[in-house]
Amino acid sequence: MQYRHAGPADHGALDAVLVSAPGRPTLPVRLTVELFGRARSHLARPDRVCVWDPCCGAGVTLTVLGLLAGGITALTGTDADPAPLELARRNLGLLSAGGLDARAAELDALAARHGKPAYAGAAAQARALVPIGRPAWSVGVADALDRERTRAALRDRAPDVVLADLPHGRQTSWAPADDGAPTGPGAFLTAVGSVLDPGAVVVAVDRGRTVPVPPGVRPLERLRIGHRAAVLLRAGQLH
Ligand SMILES: C[S@@+](CC[C@H](N)C(=O)[O-])C[C@H]1O[C@@H](n2cnc3c(N)ncnc32)[C@H](O)[C@@H]1O
C-alpha cells in the first residue's frame, strides 16, 4: 500500500507517551492516520467527522486520531470487554486540556523512580505534542454484534467513520455472542453497518491476506499492509 495521507514521521515517540498494556495489540500510528485519511476522502462532509471504534480496547487508535488527524469533532469507543476501558480513558484524557502535561509529569516521576532515561524522553515528547484538535470523546461497554447495546452506547452520536482493528485470535479474540450467534468479520460488519447512516465509511483491519465481507458487498477499497489486510466499505452497502 502506498501512503497518501500520513507522512513517514517518527511515531515511536508517540508510542512512548500512550499508555499500553501487555497483550493489548494496537495498530501502528502511521497506518492509523492513513486509514482514517482514506476513509475521510470518501465522505461528503470531511470537515466535521465523528469517529467510532467498536473494538476500542486501550483507545490507542482513537487517541492517535485525536492527536494527529484533522477534521474530527467527536471520538467514541466501545468494547465488549470492560477491562481495557480504563486505559482508553487515560489515553483519551491526553486530548483534554492539561492531559499531556499531566502525562509528562507522570513519566518524569517514573524516570526518577526507576532511573530510566527513556521515561524522561517520553515526558519531553508529551510536552512537545500539540493536539491538532480537541474532539469530544466517550467510551463505554458494548458488544459490537449487539445492535441494541451499540445504539445505546452511541447515544445521539452518528458516526461518519468506523475504524476497527479486529480481534485476530492471537492476543485478542472475539467475545462469544450471548445467543451463540456466529462471530467474526462478516457478522461484525453487518451488525455495525446496520446502526450507521448509509453514507458512513467503515474501515476494518484484520491479520491475513484479506478481510472477508458479507456476500454481495462491494468494498470502496481493499488494502494489504504487511501481514495485515484492510477493507473500506460504505455503510449503506451493509444495510
Ligand atoms: C486488536 S484489539 C483493538 C485495539 C484498539 N484498537 C486499541 O487502540 O487499543 C481488539 C479488541 O476487540 C475487542 N472485542 C472482541 N470481541 C468484541 C466484540 N464482539 N465487540 C466489541 N469488541 C470486541 C477486544 O476486547 C479487544 O479489545
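In which segment does Ala-6 lie? Ala-6 is placed in the segment before α1 (12-17), where helices (H or I, at least four residues) and strands (E, at least two) are DSSP runs numbered from the N terminus. The structure is a predicted model, in which local features need pLDDT of at least 70 and side-chain atom pairs count only at pLDDT 80 or more, while totals for chains, interfaces and linings use all residues. Residues are numbered from 1 along each chain as its sequence is written, and side-chain values use heavy atoms, with hydrogens and water left out.

- Ala-6 counts as buried because its relative accessibility is 8%; buried means under 20% relative accessible area, exposed over 50%, and partly exposed in between (1.4 Å probe, protein chains only).
- Not counting residues up to four places away in sequence, Ala-6 touches Arg-30, Val-33 and Glu-34, contact being defined as heavy atoms within 4.5 Å.
- Ala-6 and Leu-35 are separated by 29 residues in sequence and by 8.8 Å in space, C-alpha to C-alpha.
- Arg-155 is located in the loop between α7 and β4, and its relative accessibility of 62% makes it exposed.
- Although Arg-155 is not a glycine, its phi is positive, at about 50°. Most residues other than glycine have a negative phi.

**Nonpolar cores**

- The largest nonpolar core holds 48 residues, of which Leu-35, Phe-36 and Val-51 touch the most other members; such a core is a set of buried Ala, Val, Leu, Ile, Met, Phe, Trp, Tyr and Cys residues joined through side-chain atoms within 4.5 Å.
- Helix α2 (residues 29-41) gives the most to this core, contributing 6 residues.
- Another core, of 24 residues, lies apart from it and includes Cys-55, Val-231, Leu-233 and Ala-235.
- Beyond its neighbours within four places in sequence, Leu-35 is in contact with Leu-27, Leu-163, Val-203, Val-205, Leu-223 and Ala-230.

- In strand β5 (residues 201-207), 7 of 7 residues are buried.
- In a regular strand the side chains alternate between the two faces of the sheet.
- In β5, Val-201, Val-203, Val-205 and Arg-207 are buried on one side, and Val-202, Ala-204 and Asp-206 are buried on the other.
- Strand β4 (residues 161-165) runs parallel to β5, and 5 bridges join the two; strands pair if DSSP finds at least two bridges between them.
- Asp-165 stands opposite Val-205 in β5.
- Strand β7 (residues 228-234) pairs with β5 in the antiparallel sense over 7 bridges, and Ala-229 in β7 is the bridge partner of Asp-206.

**Pockets**

- A pocket is found on a 1 Å grid over the protein atoms alone, as an open set of points where a 1.4 Å probe fits, with protein on both sides within 12 Å along at least five of seven lines; lining residues have an atom within 4 Å of a point.
- The largest pocket contains about 490 Å³ of space, a volume being the space filled by probe spheres set on the points.
- Its lining has 29 residues, with Cys-55, Gly-57, Asp-79, Pro-167 and Thr-172 nearest the centre.
- The second largest pocket contains about 340 Å³ of space and is lined by 18 residues, of which Asp-143, Leu-145, Asp-146, Ala-177 and Asp-178 lie nearest its centre.
- Helices α7 (147-154) and α8 (185-194) each supply at least two residues of the lining of the second largest pocket, and α8 provides the largest share, 3 residues.
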